Amino acid sequence: MGSFGLSANNITHGTSFSADLEPKSFSDESKAVIDFIADYYKNIEKYPVQSKVEPGYLSARLPDTAPHSPESLDDILKDVTDCILPGLTHWQSPNFFGYFQANASTAGFLGEMLCSGFNVVGFNWLASPVATELESIVMDWMGKMLKLPSSFLFSGTGGGVLHGSTCESLVCTLAAARDKALEKLGGGFDNITKLVVYASDQTHFALQKSAKLIGIPPANFRPLPALTRTSFSTEFSLSPDTVRAAIEDDIKSGHVPLYLCATVGTTGAGAVDPIEELGKIANEYKLWLHIDAAYAGSACICPEYRRYLNGVELADSISLNPHKWFLTNMDCCCLWVKHPSFLVDSLSTESDIMRNRSPASNTSTNAAPVIDYKDWQIPLSRRFKALKLWTVIRKHGYSGLMYHIRSDVSMAKRFEAMVAKDERFEIVVPRKFALVCFRLKPKRESEGSELNRELVDALNGSGRAFLTQAMLDGVYVIRCSIGTTLTQDRHVDDLWKLIQEKADRLLSLQEPEHASR
Ligand code: PLP
């Protein structure tokens, strides 16, 4: 790779970009990149799933200044192979079982290409009418697949928006809840020190970060114990009694309970909070109830999982990430709200340049009102993400999407059954979706963390699989999240063989008699 130091003297002026986006070269080069990606997927199992590079590896391979002259796509792709691929942890590998997957798909990729190809910035209706209109249609489609009440749909009294992440949805809903509460308290911003946010202690840290961002004092963030000595029997869900007691305590001490976040599918354990009971409490004390269904929300399109959303009608907002388990390439988060005006009141700004008039509304006072999605989100600019989700839904259909969820769950059941059969292991948390939390049983409880940490290190170090861990009530558990698009039964079987192989070795190093199955 060649490189030149940039200085005022060697910048060439007057370079024409007229050849860029020229249809023939655009098509040829795009096809070359698609072939490159197709080849990557073909060979993906050959790479170590977890990158093995050391921090800073890339600066030794790339020049420290930008190239002065244009470079060819061939040269760029060669460097992608030589420099970029080694630094990837291969999230699309069928042997990736870590975190929650980000499952890509052909449909997701095609939709992403269309979005990128048009490259419009649909911050308001006028800036690209179809971007706004398709988004509201797709959000209703999604909401109907999830059987959300009409109070969350545009066809009812609510509505939905596509964000990039759950964190963004949390910031926006927290801001809306905060502003309504401050209004009730008489408007003084100082009152923010009274507002309190509640969630289970295994809620994703995105909530704490979001609460901090909107100015809730860190001391007013209440992670309530779901990870307690008894939580193995309660399956790590948040107890309504605990929530009520915390709210009562806060009221007594002059605080104002603001926002309760319930999770459907926690990151650590895949636990589900009791939405209906929490919803009743939230309504009684007038808290904003948000449901974070980032991972497991996608599964709720299947009738057998929909019960986990029972009580959703009591919530103010709900979000889920199609970029986790809905075949939609990064990034995509659906947020539905019951009162869109609360979001808009909190997030809108007006400037002349943004004035949004549909042609009809210039001439008629009866024109349909239009949505300004810029007022439903943090940034002004926004991608045409709806095109991606729309393509995914159309290419798979409701039935195909349910099939996809069920096939991942059935692989998780297969894995769970294999673990359960081996008495050296235990399933730590009852499985609800496609996340299996298990561990190697230690001889002495005090050795459990070390033993299982060594097992995870050995598995990931092998390059043949990638898994992550969680601490649940002081117990180190190994998380096996099944859901990359390329994963099949044989990968799950191979994973189990690998786990047994590494466990054999680990246990034989410790106490030989423990190793025999
Ligand atoms: N909530 C839950 C339950 C999650 O599992 C995650 C990520 O895994 C998040 C929130 C964070 O999502 P995002 O990265 O979209 O903000």
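How far is an oxygen atom of the ligand from a polar backbone atom of C167? In this predicted model, the separation between that ligand oxygen and the polar backbone atom of C167 is 2.9 Å. The protein has an average pLDDT of 91, and 91% of its residues reach a score of at least 70.

**Ligand site**

- The ligand is surrounded by 13 residues, and the closest of these are T166, C167, T267, D292 and N321.
- T267 places a polar side-chain atom 2.9 Å from an oxygen atom of the ligand, while for K324 the distance from a polar side-chain atom to an oxygen atom of the ligand is 3.4 Å.
- Taken on its own, the ligand has 400 Å² of accessible area, of which the protein covers 85%.

**The sheet of 7 strands**

- An open sheet with mixed pairing is built from 7 strands, which follow one another in the order β1-β7-β6-β5-β4-β2-β3.
- Because β1 (159-163) and β3 (221-224) stand at the edges of this sheet and have a single partner strand each, one side of each strand is left without a neighbour in the sheet.
- The pairing of β1 with strand β7 (residues 333-337) is antiparallel and extends over 5 bridges, and G160 stands opposite W336 in β7.

- Strand β9 (residues 435-440) pairs with strand β11 (residues 475-481) in the antiparallel sense over 4 bridges, and the bridge partner of L435 in β11 is S481.

**K52 and its surroundings**

- K52 is located in the loop between α1 (23-43) and α2 (73-84).
- When neighbours within four places in sequence are left aside, the residues in contact with K52 are P86, G461, S462 and G463.
- With G461, a polar atom of the K52 side chain lies 2.8 Å from the backbone oxygen.
- The C-alpha atom of K52 is separated by 47 Å from that of F342, a residue 290 positions away along the chain.

**Backbone details**

- The peptide bond that leads from M330 to D331 is cis, with an omega near -5 degrees, and D331 has its place in the loop between α11 (322-325) and β7.
- Although N119 is not a glycine, its phi is positive at about 50 degrees; this residue is found in the loop between α3 (106-118) and α4 (129-145).

**Confidence along the chain**

- Residues 1-15 have a pLDDT below 50, and this stretch makes 21 contacts in the model beyond near neighbours in sequence.
- Residues 360-364 also have a pLDDT below 50, and beyond near neighbours in sequence this stretch has 3 contacts in the model.

Terms used
Residues are numbered from 1 along each chain as its sequence is written. This is a predicted model: local features need pLDDT of at least 70, side-chain atom pairs count only at pLDDT 80 or more; totals for chains, interfaces and linings use all residues. Side-chain values use heavy atoms; hydrogens and water are left out. Two strands pair if DSSP finds at least two bridges between them. Helices (H or I, at least four residues) and strands (E, at least two) are DSSP runs, numbered from the N terminus. A residue is near a molecule or strand if one of its heavy atoms lies within 4 Å of it. A polar contact is a pair of N or O atoms within 3.5 Å; within protein, one must be able to donate a hydrogen and the other to accept it, and residues adjacent in sequence count only if both atoms are side-chain atoms. Accessible areas come from the Shrake-Rupley method with a 1.4 Å probe; for residues, only the protein chains shown count as cover. pLDDT is the predictor's confidence in each residue, from 0 to 100. Contact means heavy atoms within 4.5 Å.
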